[in-house]
Amino acid sequence: MNNKITTLGGYIHEYQKSVSDPPAFWSTIAESFYWRKRFDKVLEWDFHKPEIKWFLNGKLNITENIFERNLFERQNQPAIIWEPNNPKDKEKVYTYGELYEEVKLFANMLLSKGIRKGDRVVIYLPMIPDLTIAMLACARIGAIHSVIFAGFSVQAVADRVKDAGAKMIITADSVYRGKKKTELKNIIDEALDNCDCESVKEVLVVKNTGEKVNFVEDRDIWLEDAKKGISADNRAEEMDSEDPLFILYTSGSTGKPKGLVHTTAGYMVFTSFSFKNIFQYSDGDVFFCTADIGWITGHSYIVYGPLLAGATTIMFEGSPTYPDAGRLWDIVDKYKVNQFYTAPTAIRALMGYGQKPFEGKALGSLKVLGTVGEPINEEAWHWYHDHVGKNRCPIVDTWWQTETGGIMISPLAGITPTKPSYATLPFPGIQPAILDKKGKEMNDNSVEGNLCIKYPWPGMARTVWGDHKRFKDTYFSTHKGYYFTGDGVKRDEDGYYRILGRVDDVINVSGHRLGTAEIENAINEHPLVVESAVVGYPHKVKGQGIYAFVFCQELSTGGIEGIKTSVRKGVDKIIGPIARPDEIRLVDGLPKTRSGKIMRRILRKIASGETDDFGDTTTLLDPDVVQRIIDNSCEKKYEVKEDKK
């Protein structure tokens, strides 16, 4: 399986082919996979309904494309390297042959428990090998897996289990991440007590930490006991191209979470092809994505994309700063990592530790760096390039979403000329469109508007589980005939795309549209600022004013007002007075989801004085931070310090 683009000319040629005749282009890519029955037709679609079908009537199983297709060449090659939370514990390495046997045995165990094609299995596990094995075992028998991040609250778990109508839950006793312990089995027990989840017939429990847990008779069983006497002789279930592979939930701004449904063949083709090309993965390379598999990044670029491409992929159980801020660089050196993929949030956090964590770290194996989750600001981009990549590793600043299944706009590593803070050019097969307020497509360069996609791609979600109307209303109603990403974008004179953040994160100040990301980048240039979040709020004169929430680890000698003044001067200098924040509030943290995204809708409500209802906050890493911001406790704390002086 080649399908690898290796030159800029090659990218231009392939991109032109992919937009002039998309079905022919994707048919060629799909031919390299193993099909039990080849598809009759490449694509049927209608964005107005919406209805999207790829590789119609094709029959396959995604795990046969990971194992049977790869085993002849890769039987003894490492498939997964598992690095534990505590660096003193022993890592685990699974070859493709070993992982194959584990997945088949797990699959047969699920069948012995009555799990069948189409049943939903919720997986609430930490970053341990059983998580990947459970996902692939579900895929092997045609069960639909729904992974819930092992750190979500009781209510978040209950909502997702109930919405999916899960027949089984797979969890663990507990987990340590850094020094923090999370009692997963207790959370599952409470979630099942709190919600009407009669669909759940069994709870499988992994002995992870060995701590004692309560068992419900006739429902709970240790995984190791469930596997006893089970054969590893298994033939994969035949799946249709459009059969669901998994449900993955994202938080809505209101109401219950949305269960995005991804289907088998299109997701397989897109994740594998994008992985190999964007990261320029070559045989023998070691790929390290720091995401959690509870998020789409982990699904697509720790599990499915790399394994379909026959890669060696690292699963990391721990935290970037445990036991110290050099942990990620230790892992890079330990396994001679070639491609490294992380979030700008992690990069900015590590920047605060200075150069000491790099002492004694070679990082010479690195060839490619990647970022995911949000646009990376220029300062962080340069720090990443200079200190991690040693000025020699290209950075792929990737834009995509849970809904898209895989990367949509990104440089191809070492091929596309990069530009800090720009995601650059669309991946082959992706047809972006920039629409103005009236819904008219703007075809020129040097324009700014709503980022839409005007043609389907194989990896896209097909629906919201159990609620197709919500799928249509959320993604296809704003601009008829287009998939609306919800993001604002700027296309520069070179045709490069710069993501400006959510459209509701674009502030209209006195008729000027200002992207919050741009203002945040300017604020973050301040030497004492760790991170910031900017939102719009109602302003009597300007229509919208600019409200900045700024996180500093320490203050300058000028105190609270001194730092606010210097932040405003910095924005004046970098962007201009039009972007100067009207209000600045110093905070000791920002409301972030566990995947690192700032929940700006909460900050918008605080800035507007609307603190009654914040919608779904179950995904917040630190729910208490919201009340601290409302109480302005950070500034009050600093005022006390200044008074004592």
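I began with R38, which lies over the face of F39 at 4.2 Å from the ring centre. My rule for a charge over a ring was NZ of Lys or CZ of Arg within 6 Å of the ring centre and within 35 degrees of the ring normal.

I noted that this is a predicted model, where local features need pLDDT of at least 70, side-chain atom pairs count only at pLDDT 80 or more, and totals for chains, interfaces and linings use all residues. Residues are numbered from 1 along each chain as its sequence is written, and side-chain values use heavy atoms, with hydrogens and water left out.

I looked up K207 next; its charged end sits over the ring of W222, 4.9 Å from the centre.

I then turned to ring pairs (Phe, Tyr and the six-membered ring of Trp, centres within 6.5 Å; planes under 30 degrees apart are stacked, over 60 edge-to-face, the rest tilted). F39 belongs to a cluster linked by ring pairs, which includes W26, W35 and F427.

I looked up salt bridges (a side-chain nitrogen of Lys or Arg within 4 Å of a carboxyl oxygen of Asp or Glu) and found 41. E64 bridges to R36, with the closest N and O atoms 2.8 Å apart. For burial I used under 20% relative accessible area as buried, over 50% as exposed and in between as partly exposed (1.4 Å probe, protein chains only). E64 is buried at 4%, while R36 is partly exposed at 22%.

D220 and R219 also meet in a salt bridge, at 2.7 Å from N to O. D220 is buried at 10%, and R219 is buried at 14%.
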